[in-house]
Amino acid sequence: MASEEPTNRLYVGNIPWSTTVEELRGIFSQCGGISLVDIPTGRQGRSRGYGIVEYSNVQEAQVAITQLDGHALGDRNISVREDKAPTKSAPSKSGGGGGNRGSTLGDTPAAEGCRCYVGNLAWETTEESLIAHCTGIGPVIQSEVARQPGGRSKGWGLVDYGTPAEAEAAIAQLHNSELQGRSIIVRLERAGGANKTGGVNAGRPEASSGLQIVVRNLPWSTTSEDLRQVFQQVGNVVKADSVCHADTGRSKGWGTVLFETTEQAQAAIQGFNGVELEHRPMQIKLDRYD
């Protein structure tokens with residue numbers, strides 16, 4: 001976990017959107033032999049504002065951290081640190097230009113206590129405007145606005161800071177601040193709830209706790225993480241499940257969301273019942289069997 005061996009793989013954050021793999025390679029090759037440079041991109045092929053650089057050995061990577069952390073690139077000061085995030089599968093290309101980590105930022109682990117969830121975003125809010133709004137607290141390592149397959153914003157995003165102290169300061173200063181006409185919600189991003197399929201309390205008598213809602217008419221592509229992020233705008237989500245068929249893993253088109261308080265559950269029903277998620281109006285009611 002925290003005390004691992006030094007690595008030859010570096011995370012380079014806060015790079016300008018226009019930065020190319022060749023530019024990054026040119027800067028970091030001053031410190032040693034590079035075996036890989038990658039700038040991950042989002043679904044629309046746009047840079048996510050960070051890169052990965054891999055050196056031939058650990059010593060060269062440490063030199064790069066010492067010399068290039070805080071280095072000016074365009075109008076930004078980049079952050080350089082060891083890349084400790086467990087990757088699903090390291091890119092096999094040795095110089096290629098990004099885009100091979102097709103997952104969203106929410107699938108990429110952040111340092112403990114450094115990631116903020118930002119909700120109630122205006123539909124037109126972009127990564128650039130979100131970073132501009134959040135940078136005053138401290139350098140933003142990376143940021144992403146969650147989007148539907150068609151490219152439309154889901155109304156929330158994630159922002160990674162360099163330290164837990166900066167993330168806490170962002171929550172204190174930016175929660176309820178105005179961004180493009182909307183009062184935004186800022187809170188610490190929590191690890192996703194259980195991703196188990198099923199979740200149906202079959203055969204149990206009605207005995208509602210008032211804490212859990214059932215969400216129906218969901219798009220087939222909706223994941224448990226999508227559900228959690230949507231409803232985190234109204235309160236602390238303890239658990240979110242997009243219910244799937246056990247044999248195929250395909251969504252059944254409905255799910256459940258468990259909140260910390262009954263007030264939050266009621267706020268979710270009042271605020272989101274009938275609201276469209278990927279062009280489908282959600283049908284939300286209290287779970288009578290939880």
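This is a predicted model: local features need pLDDT of at least 70, side-chain atom pairs count only at pLDDT 80 or more; totals for chains, interfaces and linings use all residues.
Biologist: What is the strand order in the open sheet of four strands?

Modeller: The order is 2-3-1-6, and the pairing is antiparallel. Strand 2 (34-38) and strand 6 (79-82) each have a single partner strand, so one side of each lacks a neighbour in the sheet.

Biologist: How much are neighbouring strands turned against each other?

Modeller: By 20° on average, direction ignored.

Biologist: How many bridges join strand 2 to strand 3?

Modeller: Four, with strand 3 covering residues 50-55. Asp 38, for one, has Ile 52 in strand 3 as its bridge partner.

Biologist: Which strands does helix 1 lie across?

Modeller: Helix 1 (residues 21-28) lies across strand 1 (9-13), strand 2, strand 3 and strand 6, and runs at about 140° to strand 2. Helix 2 (residues 58-68) also packs on the sheet, where it touches strand 1, strand 3 and strand 6. The direction of helix 2 makes about 155° with that of strand 6.

Biologist: Changing topic, how many salt bridges does the structure hold?

Modeller: Six. One of them pairs Arg 147 with Glu 127 at 3.9 Å, N to O. Arg 147 is in strand 8 (residues 140-147) and Glu 127 in helix 3 (residues 127-134), so this pair ties together parts 20 residues apart in sequence.

Biologist: Is Arg 147 buried or exposed?

Modeller: Buried, because its relative accessibility is 18% and the cut-off is under 20%. Glu 127 is buried as well, at 8%.

Biologist: Where do Asp 226 and Lys 154 sit?

Modeller: Asp 226 is in helix 5 (residues 224-231) and Lys 154 in strand 9 (residues 153-161), 72 residues apart. Their closest N and O atoms are 2.8 Å apart. Asp 226 is buried at 15% relative accessibility, and Lys 154 is buried at 12%.

How values were computed
Residues are numbered from 1 along each chain as its sequence is written. Side-chain values use heavy atoms; hydrogens and water are left out. Two strands pair if DSSP finds at least two bridges between them. Helices (H or I, at least four residues) and strands (E, at least two) are DSSP runs, numbered from the N terminus. Axes are lines fitted to C-alpha atoms, for helices over the stretch in contact, and angles run from 0 to 180 degrees between N-to-C directions. Contact means heavy atoms within 4.5 Å. A salt bridge is a side-chain nitrogen of Lys or Arg within 4 Å of a carboxyl oxygen of Asp or Glu. Buried means under 20% relative accessible area, exposed over 50%, partly exposed in between (1.4 Å probe, protein chains only).
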